[in-house]
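My entries follow in the order in which I made them.

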Amino acid sequence: MAGEFFYKEKPFRCGERESVLDCLIRNGEVVSYSCKTGVCQSCLMAASDGDLPEAAQKGLRAPQIQRKLLLACQCYPESVLHLTSPEDTGLNVTATVVDKQKIGNDVVLLRLETKDNFEAQPGQFVTLQTDSALARCYSLANATSISNQLEFQIRLIPNGKMSQWIADCAPGKSTLTVRGPAGDCFYSDSIPRDAPIVLAGTGTGLAPLWAIVHHAIRDGHAGSIKLFHGAVNAVDLYLNDELFQLADRNETVEYFPCSLNETTQPGVHVGDLQQLLLAQLPNELSECRLFLCGAPELVNSLRKKAFLAGVSSRNIFADPFVPTA
Amino acid sequence: MSTLFERLGGEGAIDAAVDIFYRKMLSDDRVSDFFDTVDMDGQIAKQKAFLTMVFGGPNNYTGQNMRDGHKHLVEKGLNDEHVDIVIAHLGGTLKELGVPDTDIAEVAEIANSVRDDVLNR
């Protein structure tokens, strides 16, 4: 029925030429909004099913469209929609630790298993929560598409509470609650297969990038893929050998490990990751997709510099890892 | 007789203009400090709202919105000179997109019409 929708499982019906947003406001629902013209995106909502009117997704970024997000102020339902706020989407499931391996100096690969398949794109992030309500966000680092196995690359921080939990957890026994997914850092369907892709991260900012690069290769991405991984010391460039091998096996893939301090390790650039990356930006700047993950200072600074260099704002996908307060 | 918004190319023109415009502002040391680059996506959305308004497009901006939205910037020293610079960059952006001078003047006029609200006076 035209004009009918559910918001947080409550039924609503739009009046004639009334948007979802106006209908919710008229019914006294507390929703955030500002311009009501589809520009400010304050009224972003998520649909769980139903056909979304094209106009309701106008101006959204490709990953948001794939996640079925929409603008309530531009939405005039043509079929029954089930809507909620973007924060309330996704799953909340229990997962069991099935594997824990050291893959770097202070980085472990943690693998969790959920009972049913977990709907998410490799590179998005989820919240992991312990029984004692300790919660942290981590990116899904799966090199394959996601089923019921979730992989994480986690840096163990001295005296970190979650780090301690992970150090102590027992594969086959320990469980965590997984909430999510969230985030726009993933290889979306809408990326042209010949677009150049540049990815850069520091530390475990590599986790989502590792997932995205593998996803792109799996989907037969034909454009060039340049992956930059930065660390203070070369010894912290975990998965270095694996990434050199990946670049060897795939002629479209180039890998640029970068260490701030001097190193004798072969193939590792010494110096500033930002300068290295900006010098390597492809000529087709307007088509380039840029993924940035890791330390917020680096992510925000690179985002600005790459944008000023000519990368289109809508093609920059950034995921600053904000540390726990 | 087509409206200014239609002549400029409607929403497509805003998408084309926003990156050029925002890049000019961030590259200009005289005004770049007024732009937060941490929430770049949020900033882009605000620039789009602004461009929609000055292009004569559909918007719900009120004088009060303009006052509230810029109050913290006025406290940081935002003044007439900065507004002039913004309007100049707006003109430069439209020129790059091949918009005729008469339409650029009309856009500048709309931008000027909110000057007092923006500067909270």
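**Entry: H4 and H5 of chain A**

I started with helix H4 (residues 206-218) of chain A and helix H5 (residues 240-249) of chain A, whose axes come within 13 Å and cross at roughly 20°. This makes H4(A) roughly parallel to H5(A). I noted the crossing of H4(A) past H5(A) as left-handed. On the H4(A) side the contact is made by Leu206(A), Trp210(A), Val213(A), His214(A) and Ile217(A), and on the H5(A) side by Glu242(A), Leu243(A) and Leu246(A). By class, I have 6 nonpolar, 1 polar and 1 charged residue in this contact of H4(A) with H5(A).

**Entry: conventions**

The model is predicted: local features need pLDDT of at least 70, side-chain atom pairs count only at pLDDT 80 or more, and totals for chains, interfaces and linings use all residues. Residues are numbered from 1 along each chain as its sequence is written, chains are lettered from A and ligands numbered from 1 in the order in which they are written, and side-chain values use heavy atoms, with hydrogens and water left out.

For the terms, I wrote down that helices (H or I, at least four residues) and strands (E, at least two) are DSSP runs, numbered from the N terminus. Axes are lines fitted to C-alpha atoms, for helices over the stretch in contact, and angles run from 0 to 180 degrees between N-to-C directions. Angles under 35 degrees count as roughly parallel, over 145 as roughly antiparallel, 65 to 115 as roughly perpendicular and the rest as oblique. A crossing is left-handed if the near helix is turned anticlockwise from the far one by less than a right angle, and right-handed if clockwise. Contact means heavy atoms within 4.5 Å. Ala, Val, Leu, Ile, Met, Phe, Trp, Tyr, Cys and Pro count as nonpolar, Asp, Glu, Lys and Arg as charged, and the others, Gly among them, as polar.

**Entry: Asn240(A)**

I stayed with helix H5 of chain A, where Asn240(A) has its place. Asn240(A) is buried, at a relative accessible area of 5% (buried means under 20%, exposed over 50%, partly exposed in between, with a 1.4 Å probe and protein chains only). Not counting residues up to four places away in sequence, I found Asn240(A) touching Tyr255(A), Pro257(A), Gln265(A) and Val268(A).

**Entry: backbone of chain A**

I looked up a cis peptide bond between Gly180(A) and Pro181(A), with omega about 5°. Pro181(A) lies in strand E11 (residues 175-182) of chain A.

Glu9(A) is not a glycine, yet has a positive phi of about 70°. I placed Glu9(A) in the loop between strand E1 (4-7) and strand E2 (10-13) of chain A. Is Glu9(A) buried or exposed? Glu9(A) counts as exposed, at 73% relative accessibility.

Lys68(A), also a non-glycine, has a positive phi of about 65°. The loop that holds Lys68(A) runs between helix H2 (62-66) and strand E4 (69-71) of chain A. With a relative accessible area of 30%, Lys68(A) is partly exposed.

**Entry: helices of chain B**

The axes of H2(B) and helix H5 (residues 80-96) of chain B come within 9 Å and cross at roughly 140°. That makes H2(B) oblique to H5(B). I recorded a right-handed crossing of H2(B) past H5(B). Ala17(B), Ile20(B), Phe21(B), Lys24(B) and Met25(B) of H2(B) make the contact with Val86(B), His89(B), Leu90(B), Gly92(B), Thr93(B) and Glu96(B) of H5(B).

H5(B) and helix H6 (residues 101-113) of chain B have axes that come within 10 Å and cross at roughly 150°. H5(B) is therefore roughly antiparallel to H6(B). I noted this crossing of H5(B) and H6(B) as right-handed. By class, the contact of H5(B) with H6(B) has 7 nonpolar, 2 polar and 2 charged residues.

**Entry: chain A against chain B**

I counted 18 residues of chain A in contact with 20 residues of chain B. About 1600 Å² is buried between chain A and chain B, 55% of this from carbon and sulfur atoms (buried area is the accessible area, 1.4 Å probe, that two parts lose on being put together, summed over both). Val39(A), Arg303(A) and Phe307(A) supply 33% of the area that chain A buries against chain B, more than any other three residues.
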